[in-house]
Amino acid sequence: MPSLEVVLLTGRTRRQGVGLEAGKLSDIYHEATTQIRLDSKDLEKLKIEPGDIVEVTTEHGSVVLRAEAAPRASEGIGFIPYGPWANLVIGGDTDSTGMPTMKGLNATVTPTPDKQVLSLKELFAEMRGSVK
Amino acid sequence: MTTKDTDAILATPRSRVTKHVICPFCGCLCDDIEVAVTLTGPLPRVPEGTIVEALNACRIGHTKFLKVRDEYRIYKPELRSGPDKSEVKQVSLEEAVKAAAKILVEAKRPVIYGLASTSNEANVKALELAEVSGAIVDNTSSVCHGPGIEAVQRVGIGTCTLGKIKNYSDLIIYWGCNPIAAHPRHTRRYSQFIEGLFRQVEDRKIYHVDVRPTRFSDQVTNFIQVEPNKDYELMQAVRALLRGHELQVSEVAGVPMRQIREFASDLKNAQFTTIFFGLGLTQSHGKDHNITVAIDLTADLNHHTKAVIMPLRGHFNVTGSNHVSTWTYGYPFSVSLEQGSPYYMPGETSAVDVLVRGEADAFFAIAADPAASFPAPAVKNMLNIPVIILDPKRCATTEIADVVLPSSYVGIEADGVQTAYRMDGIPLQLSKIVDAPAGVKSDDQILDMLVREVCRLKGIKRYPH
């Protein structure tokens with residue numbers, strides 16, 4: 001499988017904002033926060049279509065998400081809306097500021113058609129399993 | 001249905017409209033919302049007191065008003081148990097408060113966190129709770145504009161109100177942010193699309209500086225695309241040009257020198273420059289140092305023209321949580337009251353750090369959802385400790401909580417005087433539009449009950465307010 005190095009950003013989208021007010025357990029929120037937006041050229045490099053499943057890995061962890069096409073050219077950048085899924089690839093170090101580094105991380109995107117995007121319940125169950 | 005019935009329905013007003021309602025979503029605190037609430041009568045499927053319209057609100061604010069009573073609303077306090085907290089027992093508020101107080105009293109390093117989506121009155125009570133519990137109290141600014149506050153403590157800040165920007169500013173820069181997504185009405189109320197006393201819409205020049213183009217970039221005068229993590233370099237290059245130095249390079253931070261020179265010239269020649277900055281600066285490499293240099297840039301500009309800088313605050317009262325904490329303890333966030341006196345050291349006493357290091361042994365989220373906003377290492381440790389949440393609606397944190405305390409929506413349902421600070425530090429009184437569900441109290445009322453119970457358990461005589 002081809003893989004791609006990107007600079008990872010997390011942030012607010014209007015859909016994610018609507019989702020958090022509609023309810024964090026709602027389908028709108030799940031749909032809005034379980035995607036990574038990539039440039040269409042990057043989707044071509046990965047030989048995938050919008051809606052295909054990918055795994056995003058940073059030095060802090062990995063998460064399975066849907067790949068979507070970014071509406072504007074942003075080659076080399078991956079954007080995940082804020083939420084529990086984005087937080088799986090964010091580290092806990094705050095550089096003594098209290099603030100984790102949530103933007104500008106190096107990440108690898110790999111197509112993983114055999115994997116599935118987790119529900120919130122499954123995500124917590126997986127976290128509990130990994131707690132030592 | 002007879003003609004008489006139809007006439008009766010048409011003659012009955014279907015709703016009452018409350019005007020000048022303040023939207024409790026983001027730091028803009030838009031004060032021109034018109035909220036329609038159904039009255040008894042012709043709409044049998046819509047109960048009386050249902051919000052059916054929030055005119056003028058953005059899509060996110062509109063959703064907040066209209067989704068007040070949906071399937072995710074919590075009406076009864078809950079004690080949750082079992083390995084995945086799926087065994088739910090509904091209890092009385094008094095019982096839930098006792099359980100929450102017991103957790104706080106038994107913990108050695110409890111953390112109280114959130115407070116940005118509630119009123120100043122609730123903040124006052126939460127700080128008192130932290131004091132009597134001997135807890136760390138942190139607000140959500142530690143994971144949004146906290147680094148900006150640390151920069152302000154280092155170099156100060158030259159700022160003003162949004163009204164002044166609306167009336168005077170002719171050059172407005174949005175740096176590291178996307179107001180269309182996070183503050184959808186900001187440009188319409190305070191900057192790009194609003195006519196001010198001394199500025200017409202066409203008088204203004206708008207710059208957007210960001211690491212990727214968004215829909216907002218399409219609507220501004222100039223878009224500057226900076227490489228991720230290099231805002232600091234770009235701002236220093238602009239400062240060098242403003243001071244008369246010529247840089248012998250073709251580009252800085254991925255931006256051609258021609259574009260940087262044009263930007264610096266526009267900054268210098270404007271009559272009133274405003275820099276709005278977002279989390280693109282505070283959450284990327286450099287963090288507080290990015291804001292330090294942005295403030296320094298603003299200070300440099302004041303040698304040539306009038307310039308101000310302002311953070312785009314997210315949650316509707318995150319500014320208030322900083323104000324209340326500062327006027328009470330002298331520090332704006334991440335305050336430890338474990339020693340009996342306030343101690344402030346971001347990185348040591350901030351919620352994420354305390355959780356990641358595994359030091360917190362109880363966590364109380366107030367009007368916040370840390371399980372959805374903290375990095376995984378912090379959330380993993382939350383799964384191992386007792387968690388309490390005070391919030392009107394189900395969220396990621398309610399799913400991992402031991403005690404769930406439902407409250408009324410501040411600014412929509414909450415009784416009594418409820419106030420919040422706009423992003424520019426203007427305090428505003430919030431509205432009450434509809435009654436809260438029966439038996440559901442406001443955040444400040446529930447926190448007051450908790451303070452009373454913790455004082456009782458610890459034998460502390462409460463200082464009268």
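**Core, helices, loops and domains**

Student: Which residues does Ala294(B) touch, leaving out those up to four places away in sequence?
Tutor: Trp175(B), Met235(B), Ile275(B), Phe277(B), Leu281(B) and Ile309(B). Touching here means C-beta atoms, placed from the backbone, within 7 Å. A note before we go on: this is a predicted model, where local features need pLDDT of at least 70 and side-chain atom pairs count only at pLDDT 80 or more, while totals for chains, interfaces and linings use all residues. Residues are numbered from 1 along each chain as its sequence is written, with chains lettered from A and ligands numbered from 1 in the order in which they are written.

Student: And which residues touch the most other members of the largest nonpolar core?
Tutor: Ala294(B) is one of them, along with Ala100(B), Ile112(B), Ala126(B), Phe277(B) and Leu450(B), in a core of 175 residues. Such a core is a set of buried Ala, Val, Leu, Ile, Met, Phe, Trp, Tyr and Cys residues joined through C-beta atoms within 7 Å. Buried means 20 or more other C-beta atoms within 10 Å of the residue's own, exposed means 12 or fewer, and partly exposed is in between.

Student: New topic: at what angle do H10(B) and H11(B) pack?
Tutor: About 65 degrees, with the axes 9 Å apart; H10 covers residues 231-242 and H11 covers 257-269. The axes are lines fitted to C-alpha atoms over the stretch in contact, and angles run from 0 to 180 degrees between N-to-C directions. Helices (H or I, at least four residues) and strands (E, at least two) are DSSP runs numbered from the N terminus.

Student: Which residues meet there?
Tutor: From H10(B), Ala237(B), Val238(B), Leu241(B) and Leu242(B) meet Ile260(B), Arg261(B), Phe263(B), Ala264(B), Leu267(B) and Lys268(B) of H11(B).

Student: Where is Lys47(A), and is that residue buried or exposed?
Tutor: Lys47(A) sits in the loop between helix H3 (40-45) and strand E3 (53-58) of chain A. It counts as exposed, because it has 10 C-beta neighbours inside 10 Å. Its phi is positive, about 55 degrees, although Lys47(A) is not a glycine.

Student: What about Ala367(B), buried or exposed?
Tutor: Buried, because 28 other C-beta atoms lie within 10 Å. Ala367(B) also has a positive phi, about 50 degrees, and lies in the loop between strand E17 (362-366) and helix H16 (370-373) of chain B.

Student: Last one: how far apart are the C-alpha centres of domain 2 and domain 3 of chain B?
Tutor: They lie 34 Å apart.

Note on methods. Contact = placed C-beta atoms within 7 Å. Domains from an automatic or database assignment.
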